[in-house]
Amino acid sequence: MGRRDLVLLTDHSSTEGSREVLATAARTLTGRESVHLDARHFMTGGGGRIEADDAGGIRLLADGRAVAADAVVVYEIPPHRRREFEDCQRLLRKYGARSLGTDAEAWRAATEKDATVARFRRDGVPQMPSVALSRPSPQTAAEAFERLGGDVWARPCVGMGGGDVFHVTTHAQLQAAASHYAGTGADWLIARDARNFLPDGRRHQYRVVVLHGRVVRVVEHVQADPDAPCNESRGAVSTLLDGSELPDGLAELAIAAAVSLGLDLAGVDLAAESGGVVFEVNVHPAFGRRALEQVAIPYVAAHLDG
């Protein structure tokens with residue numbers, strides 16, 4: 001890249017830790033430090049600017065700095081801020097930045113779960129029957145609940161980490177969930193329970209990370225509480241698996257989900273039960289054990305080789 005810098009563009013208010021893993025990946029691949037810029041400067045009202053330079057690259061200006069770059073690694077943008085980041089994505093694409101983070105439409109399709117449901121329905125990606133709800137009347141919510149069999153998971157259309165997610169099996173629980181989402185102003189959806197249980201009654205599902213149509217990482221999540229989401233932040237235990245340990249057909253299903261949404265990198269949450277179904281897809285899957293080698297290095301390399 002000559003004297004151009006590799007830029008890591010992330011939200012510096014995040015405490016997830018992905019930025020440090022990406023920085024290590026960049027250092028491993030290039031032998032030098034990357035430039036860290038706070039993505040919040042490039043969100044709506046942030047004051048950051050992106051422009052073309054005279055040598056065929058781009059220049060990012062923010063916080064009194066001007067950084068010449070042609071590769072920009074975008075990560076760790078929280079779901080509720082992604083619409084504010086779309087103008088930045090369009091400018092990166094317009095000026096030809098080497099980046100896997102410029103497809104605003106794909107991000108929106110994956111981030112907004114009602115859009116994910118619609119895209120999967122269009123493309124025939126297996127999922128549990130779902131109904132999107134936006135400030136529904138009690139009758140509308142009850143009818144949808146009954147139509148889905150009276151055993152559903154409610155979740156906000158935009159969320160992360162299993163927060164604000166409820167297992168709903170009674171009308172009283174449904175009313176409580178509806179009141180919760182009304183209080184937060186969130187649109188939400190309900191999906192039929194996939195019955196994804198191990199023989200001992202614990203729930204389980206898989207996180208399959210796909211990069212450019214290839215499975216690069218597989219993790220199994222096991223949750224002892226059948227009424228809690230299979231997220232580590234909600235008490236689930238995660239086990240890193242070899243790709244060969246993934247049940248038949250799930251690798252292909254994860255790849256199909258990423259393709260449907262148009263994502264180069266995708267963390268696909270899915271289960272083998274109910275015939276094999278996708279729950280949701282993460283634009284920026286959180287890193288964990290061995291993710292440096294399995295995900296971060298290949299992801300950064302894709303920017304350098306592009």
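Mentor: At 33% relative accessibility, R40 counts as partly exposed, a class that lies between buried (under 20% relative accessible area) and exposed (over 50%), computed with a 1.4 Å probe on protein chains only. This is a predicted model, in which local features need pLDDT of at least 70 and side-chain atom pairs count only at pLDDT 80 or more, while totals for chains, interfaces and linings use all residues. Residues are numbered from 1 along each chain as its sequence is written, and side-chain values use heavy atoms, with hydrogens and water left out.

The side chain of R40 meets that of D38 in a salt bridge, at 2.6 Å from N to O; the term denotes a side-chain nitrogen of Lys or Arg within 4 Å of a carboxyl oxygen of Asp or Glu. D38 is buried, with a relative accessible area of 10%.

E280 and K113 form another salt bridge, their closest N and O atoms being 3.5 Å apart. E280 belongs to strand β14 (residues 277-282) and K113 to helix α4 (residues 113-123), so this pair ties together parts that are 167 residues apart in sequence. Helices (H or I, at least four residues) and strands (E, at least two) are DSSP runs, numbered from the N terminus. Both E280 and K113 are buried.

D5 and R32 also meet through their side chains in a salt bridge, at 4.0 Å from N to O. D5 counts as partly exposed, at 22% relative accessibility, and R32 counts as partly exposed at 34%.

Finally, E86, D87, R90 and R108 are linked in a network of salt bridges. The whole structure contains 21 salt bridges.
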